[in-house]
Amino acid sequence: MTKAALQTVAFSESGTAAASFQRALSSTLPVEEIVTRLKDRILAADLWVLHEINPQMLLHRGGYDIGPARQILFFHPRLMSRLLAADSAALLEVPLKFAVIGFREGRTELRWLDPGKAFARYRSPALAALGDELADVCESIVAGLDP
C-alpha cells in the first residue's frame, strides 16, 4: 500500500485586522527554543502550563505538511475564580494561549490574544481589570524572550 503524499501548506502573513486584538513578536530563534523559554517564563509568573498543542503533528496525521507550530495554553485557578465571579460567560476566553509559528525563511512568530481587549467586551469593571492585569502578565512573559 502506497502512502499518499502530504499536501504542503505554507503559513500566510498575518492580516492587518489581527493587530487590533492580537500582540506579536518576531524572532530568529527556532520554535522549540521559544516554546521552552515560554514555558519557563509562564511557570516563573506563577501560572500553570495546561497543555501544549502540536499543530504540525496533527496536520501531518491529516495529510498536510506545515512548518513547525505550537500552541501553549496557560492559566491558574486563582484567576479562574476571579473570572467566574466577574462574569461566567467569559469562561470562553480562557485558558490564555501563545501561538508559535515557524516560517520557512527561518523567522519565528509568537502571537497571543490581548486579554485586556477580550475581557473589556464584557463591560464588567472586575473583568476589565483582570484583563488588563493579564495583558501585563503576558507582556512580562514575552519581555526579553529573544535577547
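Two residues are in contact here when heavy atoms of each lie within 4.5 Å. The model is predicted. By that contact rule, and leaving aside neighbours within four places in sequence, Arg 111 touches Ser 14, Ala 18, Gln 22, Arg 23, Ala 24, Lys 97, Phe 98 and Ala 99. Arg 111 sits in strand E7. Its relative accessible area is 12%. Buried means under 20%, so Arg 111 counts as buried. One of its partners also makes a polar link: the side chains of Arg 111 and Ser 14 are joined by a polar contact of 3.3 Å.

Arg 111 also belongs to a network of salt bridges, together with Glu 13, Glu 105, Arg 107 and Glu 109. Follow Arg 107 through it. Arg 107 bridges to Glu 13, with the closest N and O atoms 2.7 Å apart. That pair ties together distant parts of the chain, 94 residues apart. Arg 107 lies in the loop between E6 and E7, while Glu 13 lies in the loop between strand E1 (7-8) and E2. Arg 107 forms a salt bridge with Glu 105 as well, at 3.2 Å from N to O. A further salt bridge runs from Arg 107 to Glu 109, where the closest N and O atoms are 3.4 Å apart.

Glu 13 is exposed, at 53% relative accessibility. Glu 105 is exposed too, at 58%. Arg 107 and Glu 109 are both buried. Across the whole structure, the search finds twelve salt bridges.

Now turn to helix H1, residues 31-44. The buried residues of H1 are Val 31, Ile 34, Val 35, Leu 38 and Ile 42. Viewed down the helix axis, they fall within an arc of 100 degrees, so they line one face. Their packing partners are strands E2 (22-27), E3 (48-53), E5 (69-75), E6 (96-102) and E7 (108-113), along with helix H5 (125-142). The face turned away from the buried side carries exposed Leu 43 and Ala 44. After H1 comes Asp 46, which has a positive phi, near 65 degrees.

Last, an annotation. An unreviewed UniProt entry lists residues 56-115 as "domain: DUF302". In the model, this span is 28% helix and 37% strand. Its end C-alpha atoms lie 26 Å apart.

How values were computed
Residues are numbered from 1 along each chain as its sequence is written. This is a predicted model: local features need pLDDT of at least 70, side-chain atom pairs count only at pLDDT 80 or more; totals for chains, interfaces and linings use all residues. Side-chain values use heavy atoms; hydrogens and water are left out. Buried means under 20% relative accessible area, exposed over 50%, partly exposed in between (1.4 Å probe, protein chains only). Helices (H or I, at least four residues) and strands (E, at least two) are DSSP runs, numbered from the N terminus. The arc is that of the directions from the helix axis to the C-beta atoms. UniProt positions are given in the numbering used here, feature names are shortened, and annotations may be inferred rather than shown by experiment. A polar contact is a pair of N or O atoms within 3.5 Å; within protein, one must be able to donate a hydrogen and the other to accept it, and residues adjacent in sequence count only if both atoms are side-chain atoms. A salt bridge is a side-chain nitrogen of Lys or Arg within 4 Å of a carboxyl oxygen of Asp or Glu.
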